[in-house]
Protein chains: 2
Amino acid sequence: MSVQERKERERAERERLIVATARELAEQQGWDAVTTRQLAERIEYSQPVLYSHFRSKREIIGAVALKGAAEMAAALRAAASAADGPRTRVAALARAYLEFAARNPAVYDAMFQLDGGLAFANEDTPQPLKDAFAALLENLSEVAGDGVHPALFTEVFWAALHGLATLTRTGRLPPEDTEPRVELLVDRLAMI
Amino acid sequence: MSVQERKERERAERERLIVATARELAEQQGWDAVTTRQLAERIEYSQPVLYSHFRSKREIIGAVALKGAAEMAAALRAAASAADGPRTRVAALARAYLEFAARNPAVYDAMFQLDGGLAFANEDTPQPLKDAFAALLENLSEVAGDGVHPALFTEVFWAALHGLATLTRTGRLPPEDTEPRVELLVDRLAMI
DNA sequence: GATTCGATCCTAGCATCGCTAGACAATCGA
DNA sequence: TCGATTGTCTAGCGATGCTAGGATCGAATC
């Protein structure tokens with residue numbers, strides 16, 4: 001069965017190439033430039049090949065989103081674990097979130113702005129997305145405050161970060177004052 | 001000059017019709033359904049007529065956004081002025097914002113999610129957008145807290161509301177817990 | 001009242017989009 | 001070696017935003 005295994009490996013490899021190329025192209029020129037024709041040309045295959053891996057362009061966006069969610073979860077945990085003390089940890093978490101969004105705008109869009117056909121906030125939610133939320137939850141529970149459900153607190157904190165990230169990136173908030181905004185947010189939301 | 005005046009009136013009326021129809025169609029079937037052909041058919045003119053009023057579809061979205069911003073500003077002021085006491089007023093403001101977003105999702109998207117070609121956060125920003133921000137600022141200044149710039153506080157508060165609005169609307173946050181989220185947000189962010 | 005002329009509007013079409021059918025070639029099992 | 005299966009490509013469909021160029025209509029002039 002070695003032949004079949006090799007084929008499966010090559011197929012999986014090509015799928016990774018598609019996702020990585022879509023992401024690269026999106027980061028370079030925006031998601032509008034990620035057409036099936038452009039993408040096909042970059043991976044040096046014809047258009048229909050894309051559709052033997054993904055049912056639609058939407059699914060490709062979804063695949064980029066999942067990859068990004070895994071990376072974001074790791075980045076959040078790394079930033080949080082490098083800080084000690086609740087206040088410092090939460091601030092580091094917030095900065096890491098905003099930095100990820102700023103450095104990977106196309107990936108962030110795939111995760112939270114575009115329709116990647118992914119399920120959110122229910123049992124069908126893919127693991128990487130749950131895990132990214134968990135990375136926030138783990139580090140925020142200790143500052144939720146008495147009588148406040150950690151998940152609820154995390155949702156609010158996340159929403160605030162998401163608002164800052166998207167409004168800043170689309171030019172609706174001037175980027176200069178990002179740091180004082182984070183300071184204010186953390187000071188007010190986190191208990192101690 | 002009566003003839004010319006009449007023509008200008010009719011032209012302005014048709015422009016209002018285009019914007020209102022685009023908005024209506026977007027609310028009914030989503031912005032994806034707002035194609036220039038669909039829109040042209042609904043106003044009972046041919047496609048090119050749209051381009052004698054607007055340079056692009058983007059500008060039509062922008063026009064819907066401006067109309068929406070004016071409405072939102074009015075809705076925010078009405079809600080705030082109907083409440084007395086800082087805490088109640090801020091909570092009413094937050095609920096009014098989220099309710100506007102929930103009841104006018106297409107308009108909200110035009111304002112804050114789609115590209116309507118509008119300038120934000122600088123001197124070229126159209127008046128209705130400035131005014132919507134001002135409506136927030138007016139009612140939040142009193143709870144910004146000592147030593148915190150009211151504009152900065154408003155930005156953070158707005159970002160949090162925007163995050164809640166968009167994440168809820170795209171199914172990324174379950175809609176049931178909206179009220180406790182607002183309570184938590186207001187309790188923590190607003191000083192007194 | 002007929003005629004000219006400019007403004008207004010529509011038909012038709014372009015390039016591009018996501019996606020798919022059907023032909024062709026390469027590879028496999030017998 | 002041959003037939004069948006798998007894989008890939010060419011070509012094309014309907015729909016998109018937008019535009020060129022001709023037709024039509026109404027207002028002003030003689």
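Me: Into which classes do the residues of the surface near DNA strand C divide?

Reply: Classes sort residues by side chain: Ala, Val, Leu, Ile, Met, Phe, Trp, Tyr, Cys and Pro count as nonpolar, Asp, Glu, Lys and Arg as charged, and the others, Gly among them, as polar. Here the surface near DNA strand C has seven nonpolar, five polar and four charged residues. A word on the source: this is a predicted model, where local features need pLDDT of at least 70, side-chain atom pairs count only at pLDDT 80 or more, and totals for chains, interfaces and linings use all residues. Residues are numbered from 1 along each chain as its sequence is written, chains are lettered from A and ligands numbered from 1 in the order in which they are written, and side-chain values use heavy atoms, with hydrogens and water left out.

Me: How many residues surround DNA strand C, and which are the closest?

Reply: A residue is near a strand if one of its heavy atoms lies within 4 Å of it. For DNA strand C there are 16, the closest being A:Thr36, A:Gln47, A:Tyr51, A:Lys57 and B:Ser46.

Me: Now the two protein chains: how much area do chain A and chain B bury between them?

Reply: The size of an interface is often given as the accessible area lost when the parts come together. That buried area (1.4 Å probe, summed over both parts) is about 2,900 Å² for chain A and chain B, with 68% of it on carbon and sulfur atoms. The contact (heavy atoms within 4.5 Å) takes 35 residues from chain A and 35 residues from chain B.

Me: How many salt bridges cross the interface of chain A and chain B?

Reply: A salt bridge is a side-chain nitrogen of Lys or Arg within 4 Å of a carboxyl oxygen of Asp or Glu. The rule finds two across this interface. A:Glu155 forms one with B:Arg181, their closest N and O atoms being 2.7 Å apart.
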